[in-house]
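The structure is shown first.

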2 protein chains.
Amino acid sequence: MVRRNDQRRSELLDAAIEVLAQEGARGLTFRAVDKEAGVPAGTASNYFANRDQLLTQSGSRVYERLVPDEATVAAQEPIAPSSEKFHGLMTDLIGRLTSFRSGYLALLELRLESTRRPELRAVLTERVRADIAYNVAHHEQSGLPGDATSVKLLILALNWLIVEQLTLPEVFDEEERRHLVSEAVRRIVGE
Amino acid sequence: MVRRNDQRRSELLDAAIEVLAQEGARGLTFRAVDKEAGVPAGTASNYFANRDQLLTQSGSRVYERLVPDEATVAAQEPIAPSSEKFHGLMTDLIGRLTSFRSGYLALLELRLESTRRPELRAVLTERVRADIAYNVAHHEQSGLPGDATSVKLLILALNWLIVEQLTLPEVFDEEERRHLVSEAVRRIVGE
């Protein structure tokens, strides 16, 4: 009975992401997930052994949903590797992250919760490391300008820009955000 | 009776910061603050009209405690404005922020809580804007290399580096963090 309906599990995790974003990690209970998913009380507890499992799988689900689908990748402008192309990719990435607002906020909640839960911290650490390694490897194969350090510095700067946009959106207006992204790529990657 | 003991108020806010970092924004209750401060139950509710006030004043208290004292400023190496000096200032700043771990984590909790509380969001937005403006103005007067955009991009990159260090400390080891700081200054500020 371990493997039940995968579709239902994903729906419960999507509900957990909304609860995390709206209520914070402390508000993430089986009951809240059932309610958000609109399923009978007791459903989530049939799919997850405990709250730790619910937390870690919610984090994985956010990453799963952030992977661009093949159509999106195929639609990327077929321009030659250049800092212009790099800039376009970063703009797409920011768009993908900010349009999944609850997912990004849920990841921040999980990071804070992981300071209190070593098991969650281990899972998130692996995930974030894999994500950085993937981006560095992808960059190497792409022929884009810049090096591994450029990729890491852009990850740093753009993540905080997204935090700013999602939590205190009036600190920078949209024009300034665009300017900061374009200057980040220009200065960090080089021409 | 509005103005009571300022010292006691600060102690209660310091306790609130610890509660925020340890328990998250949802765990911040008057009762938890009294307990953390080791004062009789009911004390905090004499100092703060409501939970919103406690949240906003906790945020201000973190900023208050992060201001370097005059001795620290005076002790900064009296070397000429240069990217080397800039790098030293950034290293000091990161040290100040990461050594007040609970304060930085409390600010992150407050940012997330502010997505649910417009009043808190307004206070934090003002505070963060003022902080950026102060840093840009201070940079202009200092004669250090770089421009306002350099200051903002460094704020972005270093903030996320600190988030990484405080929440998932094994994503980058200390040597890599140092390398990233030095490359951030070199690339963003220019020689």
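A salt bridge is counted here when a side-chain nitrogen of Lys or Arg lies within 4 Å of a carboxyl oxygen of Asp or Glu. The pair B:Arg116 and A:Glu109 meets this rule, with an N to O distance of 2.7 Å. The model is predicted.

## Relation of the two chains

Chain B is superposed on chain A by a rotation of 180° with 0.0 Å of shift along the axis, at an RMSD of 0.0 Å. This is the relation of a two-fold axis. Within chain B, B:Ala157 has the C-alpha nearest the axis, at 1.9 Å.

Of the interface residues of chain B, 100% are also interface residues in chain A, so the copies meet through the same surface.

## Interface between chain B and chain A

The contact involves 48 residues of chain B and 48 residues of chain A. The size of an interface is often given as the accessible area lost when the parts come together. For chain B and chain A the buried area is about 4,300 Å², with 63% of it on carbon and sulfur atoms.

The rule finds 10 salt bridges across this interface, and 24 residue pairs are in polar contact. On the chain B side, the elements giving two or more residues are α1 (6–23), α7 (101–114), α8 (118–142), α9 (148–167) and α10 (174–189). The largest share comes from α9(B), with 13 residues. By class, the residues of this side are 23 nonpolar, 10 polar and 15 charged.

## Domains of chain A

The domain assignment divides chain A into domain 1 (6–62) and domain 2 (68–189). Their centres, taken over C-alpha atoms, are 26 Å apart.

## Interface between the domains

In chain A, 15 residues of domain 1 are in contact with 15 residues of domain 2. The two domains bury about 1,400 Å² between them, 66% of it on carbon and sulfur atoms. A:Asp52, A:Thr56 and A:Val62 supply 32% of the area that domain 1 buries against domain 2, more than any other three residues.

Across this domain interface the rule finds 1 salt bridge. A:Asp52 also forms a salt bridge with A:Arg117, the closest N and O atoms being 3.0 Å apart. There are 3 residue pairs in polar contact across the domain interface. On the domain 1 side, α1 (6–23) and α4 (51–66) of chain A each supply at least two residues; α4(A) gives the most, with 8 residues. The residues of that side divide into 6 nonpolar, 5 polar and 4 charged.

Methods. Residues numbered from 1 in each chain as written. Chains lettered and ligands numbered in written order. Predicted model: local features only at pLDDT ≥ 70, side-chain atom pairs only at ≥ 80, totals over all residues. Heavy atoms only, no water. Domains from an automatic or database assignment. Contact = heavy atoms within 4.5 Å. Buried area = accessible area lost by both parts, 1.4 Å probe. Polar contact = N/O pair within 3.5 Å; in protein donor to acceptor, adjacent residues only side chain to side chain. Helix = DSSP H or I, 4+ residues; strand = E, 2+ residues; numbered from the N terminus. Nonpolar A, V, L, I, M, F, W, Y, C, P; charged D, E, K, R; others polar. Least-squares fit on C-alpha atoms with pLDDT ≥ 70 in both.
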